[in-house]
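Subject: Handover of a structure and notes on it

Dear colleague,

Please find below the structure that I am passing to you. My notes on it follow directly after.

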Amino acid sequence: MSLTLNLRKKVHRKIWEPVFTPAPVTSAAGTIFVGDNLNLGATYGLMPNLPPDAGRQAYYATGVSSLYWYNKQEEAFGVLPNSGSAGTWGAGAAGFVHPVGPSFTASAGTTNSFTSTLTMARNVGGYRFRVTAGTNRGLEGFIRANGVGANAVFTTVDTYAAAFDNTSVIQLFTGRFWLYVPGATSGFNYYDYATNAWTSRSVASGPAITANEGCLIGTPAKETVVELGTASAGAASTLTDATRSWEVNCFARRMVAIISGTGAGQYRYVASNTDTILTVDTAWTTNPDTTSEYEISGLWSDVASAGSTTTITAGSGTPWTASQWIGQQVRAVAGTGAGQVSVITANTTSQLTFGAVTTAFDATTRYVIEPDDNAFWFLGGAAITLFKYSISGNTWATITPGAARGGAAGAGTSGSWIANVPDIAWNGAGSAGGPGGALRQNGRFIYSFRAAGASTLDVYDIAANTWYSAITYVGSETFTTGSTWADWNGTIYGQKDATGRFFMFNVAKNELIPLTTNNITQSTAIAGARLLFDEYYDPTNGKALSFITYLSNTSAQLQRMVLI
């Protein structure tokens, strides 16, 4: 039976209901309850042996050896292996679920399989993969199934024209839970979902906080995915999804990819869209049909007019402003240099400059601009200091902004990177003015309520490497210990102190809006991240129902509410 959504804010009450499986241990200072917001394991009907929400990851941590995974589908907990992390667990602990998993060079393959060098612990059928180099580079698709144990063999949902071989470099999007543990000697590790193993990472030159909240913030490119569905029809230069009611031209210059079914592996940018029809820039090689699964993502896409190992010149008119894309990554999805990724260091109104790649780009290169998959940011610890971590380099750096943050992040602070505000004004090019003013650009800003009993909001601009401090916004609520935050679809949600009062910060409107009150009495207010989101997706009609789940202060009780 299809899911029909007829919920109305004025008619249907926002009711908090208990999740009948409590957390395995009571929440305490530094508790982390975080989830995957990206639908990593969604199969959207491709894998009939798996439910459409299979693989949605969430994690619960109250210590270096008190670690659990939370099955969103079943609403239950299971024990994780001991992290073996250094550090002293406390208020500064922080975690993040990042979509990027293991990468390897295949040892052999066929047109619908490849042999890995991984020792797999579980079947990750329904998850995604991408070929970053070698045969089939640039290709992205779904895993049908894989073996477990050493040198696991993966089969793919689709069969491709070329066989994978020992040059194919495969990136899995199976997710990792990154965990920072504070202390004079800190710990930093990740749990790999695919291999069920922890890996220790460097803490040299990184944060070493011992008090107050810490916020670990990833900038995954996959968070710019704004639509994922199945075509209802296709033609030479269009794709139709009759289940949608899109805002006209809201996807202009976004990348649309056929990720499974007829035409799999094709990339085009959206020239325009109606409420149900995408018109692409160049005719499809193979027209999509009712089997075609599509994805719309990225911040900007184009076909280059020229290129080199360090530059791409746009192939058509751009509304870019100078330096707006600094800190984002450019990824070639087709043509010369497909699969290569590099971080943008400068841009003019028509040209990108980035770190050198191996194969020079040229006028056949189809590319997308998206957030930097390789970066983590860390803020908090009763300080103004901002740190940046390179995943590939395994190195930390202290950031020196052009303008320092106006005050230290205190008890109850937040850190939210904003990448998918569903407002057409945030999809285009930036311009001078600052957040909440003329400058609106997905993927560029980290929002942080300073808290510590104040209502102050600060915003870090990644491209300009500067803080905008004490931003004026609508709302004057104060926050302190016990406040907890998470972002979802371009909106920041927060629970105030230990009061049970929930708010949502509408980034597009620059307004803090009262959301609801959870009347369940809470105990002692504590530091920590204790909000996560889940989505039930109905593959028969593309409808989704979103839930917010909350873990109370100093409690094992979970409650959830439908977001109306």
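The count of disulfides in this model comes to 0, where a disulfide is a pair of cysteine sulfur atoms within 2.5 Å. Two of the cysteines may be mentioned here. Cys215 counts as buried because its relative accessibility is 10%, and Cys250 counts as buried because its relative accessibility is 11%. Buried means under 20% relative accessible area, exposed over 50%, and partly exposed in between, with a 1.4 Å probe and protein chains only.

The model is predicted: local features need pLDDT of at least 70 and side-chain atom pairs count only at pLDDT 80 or more, while totals for chains, interfaces and linings use all residues. Residues are numbered from 1 along each chain as its sequence is written, and side-chain values use heavy atoms, with hydrogens and water left out.

Salt bridges

The number of salt bridges comes to 18. A salt bridge is a side-chain nitrogen of Lys or Arg within 4 Å of a carboxyl oxygen of Asp or Glu. In general terms, side chains of opposite charge can pair when their charged atoms come close.

Five residues are linked in a network of such bridges: Arg128, Arg130, Glu140, Lys222 and Glu295. Within it, Glu140 bridges to Arg128, with 3.3 Å between the closest N and O atoms. This pair links distant parts of the chain, 12 residues apart, with Glu140 in strand β11 (residues 140–146) and Arg128 in strand β10 (residues 128–133). Strands here are DSSP runs (E, at least two residues), as helices are (H or I, at least four), and both are numbered from the N terminus. Glu140 is classed as buried because its relative accessibility is 4%, and Arg128 likewise because its value is 8%.

Glu140 also meets the side chain of Lys222 in a salt bridge of 2.3 Å, N to O. Lys222 lies in the loop between β17 (214–218) and β18 (227–230) and Glu140 in strand β11, so this pair ties together parts that are 82 residues apart in sequence. Both Glu140 and Lys222 are buried.

A further salt bridge joins Arg450 and Asp458, whose closest N and O atoms are 2.8 Å apart. Arg450 counts as buried, since its relative accessibility is 15%, and Asp458 is buried with a relative accessible area of 0%.

A four-stranded sheet

An open sheet of 4 strands has the order β6-β14-β15-β16, with antiparallel pairing. Its edge strands, each pairing on one side only, are β6 (94–98) and β16 (197–200). Neighbouring strands of this sheet are turned by 20° against each other on average, direction ignored; the axes are lines fitted to C-alpha atoms (for helices, over the stretch in contact), and angles run from 0 to 180 degrees between N-to-C directions. Two strands pair if DSSP finds at least two bridges between them. Strands of a sheet pair through backbone hydrogen bonds, either parallel or antiparallel.

Strand β6 and strand β14 (residues 176–181) pair in the antiparallel sense over 5 bridges. Opposite Arg176 in β14 stands His98.

Residues in loops

Asn420 is found in the loop between β35 (416–418) and β36 (445–449). With a relative accessible area of 13%, Asn420 is buried. A polar atom of its side chain lies 2.9 Å from the backbone nitrogen of Gly490. Not counting residues up to four places away in sequence, Asn420 touches Glu223, Asn442, Asn489 and Gly490, contact meaning heavy atoms within 4.5 Å.

Gly406 is located in the loop between β34 (395–398) and β35, and counts as exposed because its relative accessibility is 54%. Neighbours within four places in sequence aside, Gly406 is in contact with Arg450 and Ser469. Between Gly406 and Trp467 there are 61 residues of separation in sequence and 7.9 Å in space, C-alpha to C-alpha.

Two alanines have a positive phi, as follows. Ala452, in the loop between β36 and β37 (457–461), has a positive phi of about 55° although it is not a glycine. For Ala470, phi is near 55°, again a positive value in a residue other than glycine. Ala470 lies in the loop between β38 (466–468) and β39 (484–488) and is partly exposed, with a relative accessible area of 48%.

With kind regards

Key:
A polar contact is a pair of N or O atoms within 3.5 Å; within protein, one must be able to donate a hydrogen and the other to accept it, and residues adjacent in sequence count only if both atoms are side-chain atoms.
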